[in-house]
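My notes follow in the order in which I looked things up.

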Amino acid sequence: MSYDLAVWDGPKPATNADASAEYERRMDSMEKALDGAGEPAAPTEAIKAFIEAALARFPELDDNSAPECPWASSPLAGEAVGDLIYFPMTFSGAELARDELADIADSLGLVCFDPQIEQLLPDAEAVPASMVSASAYAALAQHLQAEQPAQGSGWFARLFKRKHQPGDDSPRSLADPMEATHRATLESGETIDDPSEDSLFLLFEDVESGRCGYVIVDDLRDSSGHTYAQSSRNGDGTYLVEYRAGGADRHFRTTVADMRAAHALMAGWAFDVQGWRETAAWEPVTF
């Protein structure tokens, strides 16, 4: 899942507008570096110092992480390229950690920018992370009630559309016309077409909290309806994850430790991430 922050080493922009422009420039450069040939630049010493201090306060995400762990990916150092680190947190984790991480960055002379609210941090007058989280859930609820998917650009729209189609390495505008390839269905029967990683994570947070019993994602390219992945929470906090790839003999399941692991498998399946199957031990589903 995610609430994202950007931290970089450089002169502090004079205004939030300047910071937003610098953030966009740096993100474009980062994407080019990640898409280019060869290895991206290693984190600078300043960014390494931030990572070390951040993990000293909030330990790395692993199988034994407590629910208050803010990170939505691991390792944290894997999110850094050169003098920039752009990292995701869970919404609940951001409520706890966002301002502390901004203070850490500031103490090291680094710039911290919150792209959700397009503001420099730390800032005592900044919109609280809890309000951003509430707005995200409200946007999700509004989307579920709407007849048409969210359009336009910006952070809330990004919640509801896939960033890339499987096998397509080129960025797409949210307004690009295309047929949906996947559909997430909630226990209530409400649906989201082409859910992003972020919106899937929000749905899993609903399952974790008990507001929703399960999540199903169908591959709409299979007209038989027999290509899908689904997940539900067990009583002990583990998650059952299943996927089916057509025939009944290609139906498998596994049990994983927690919500984050289940989300990673479902997102890996939906986005055809290389090696996603090898991250769990699967067994055939028989009836």
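I began with Cys 112, which is buried at a relative accessible area of 1%. I keep in mind that this is a predicted model.

Cysteines. Cys 212 is also listed as buried, with a relative accessible area of 10%. I call both buried because each value falls under 20%. I then looked for disulfides and found 0 in the structure.

Cores. Which residues have the most contacts inside the largest nonpolar core? I noted Phe 50, Trp 71, Ile 85, Phe 87, Met 89 and Leu 101, in a core of 32 residues. At least two residues of this core come from each of strand E1 (3-8), helix H2 (45-57), strand E3 (84-89), helix H3 (91-107) and helix H4 (129-145). H3 gives the largest share, 7 residues. I took Ile 85 as an example and left out residues up to four places away in sequence; among its contacts are Leu 5, Val 7, Ile 47, Phe 50 and Leu 76. Glu 79 is on that list as well. Another core, of 25 residues, lies apart from the largest one and includes Ala 184, Leu 186, Leu 203 and Tyr 239. As a general note, nonpolar side chains in soluble globular proteins tend to be buried together.

Strands. I followed strand E8 (residues 214-219) to strand E9 (residues 227-233); they pair antiparallel over 5 bridges. In this pairing Val 217 is opposite Ala 229 of E9. E9 is in turn joined to strand E10 (residues 239-245) by 7 bridges, again antiparallel. Ser 231 has Val 241 in E10 as its bridge partner. I counted E9 and E10 as a hairpin with 5 residues between them, and Gly 237 in the turn has a positive phi of about 95°.

Backbone exceptions. Most residues other than glycine have a negative phi, and most peptide bonds are trans, so I listed the departures. Ser 74 and Pro 75 are joined by a cis peptide bond with omega of about 0°. I placed Pro 75 in the loop between H2 and strand E2 (80-81). Leu 121 to Pro 122 is also cis, with omega near 0°, and Pro 122 sits in the loop between strand E5 (119-121) and H4.

Asp 194 is not a glycine, yet its phi is positive, about 45°. I found Asp 194 in the loop between strand E7 (191-193) and helix H6 (197-209). Asp 272 has a positive phi too, about 50°, and lies in the loop between helix H7 (259-270) and strand E12 (283-284).

Is each of these two aspartates buried or exposed? Asp 194 is buried, with a relative accessible area of 1%, whereas Asp 272 is exposed, at 51%.

How values were computed:
Residues are numbered from 1 along each chain as its sequence is written. This is a predicted model: local features need pLDDT of at least 70, side-chain atom pairs count only at pLDDT 80 or more; totals for chains, interfaces and linings use all residues. Side-chain values use heavy atoms; hydrogens and water are left out. A nonpolar core is a set of buried Ala, Val, Leu, Ile, Met, Phe, Trp, Tyr and Cys residues joined through side-chain atoms within 4.5 Å. Buried means under 20% relative accessible area, exposed over 50%, partly exposed in between (1.4 Å probe, protein chains only). Helices (H or I, at least four residues) and strands (E, at least two) are DSSP runs, numbered from the N terminus. Contact means heavy atoms within 4.5 Å. Two strands pair if DSSP finds at least two bridges between them. A disulfide is a pair of cysteine sulfur atoms within 2.5 Å.
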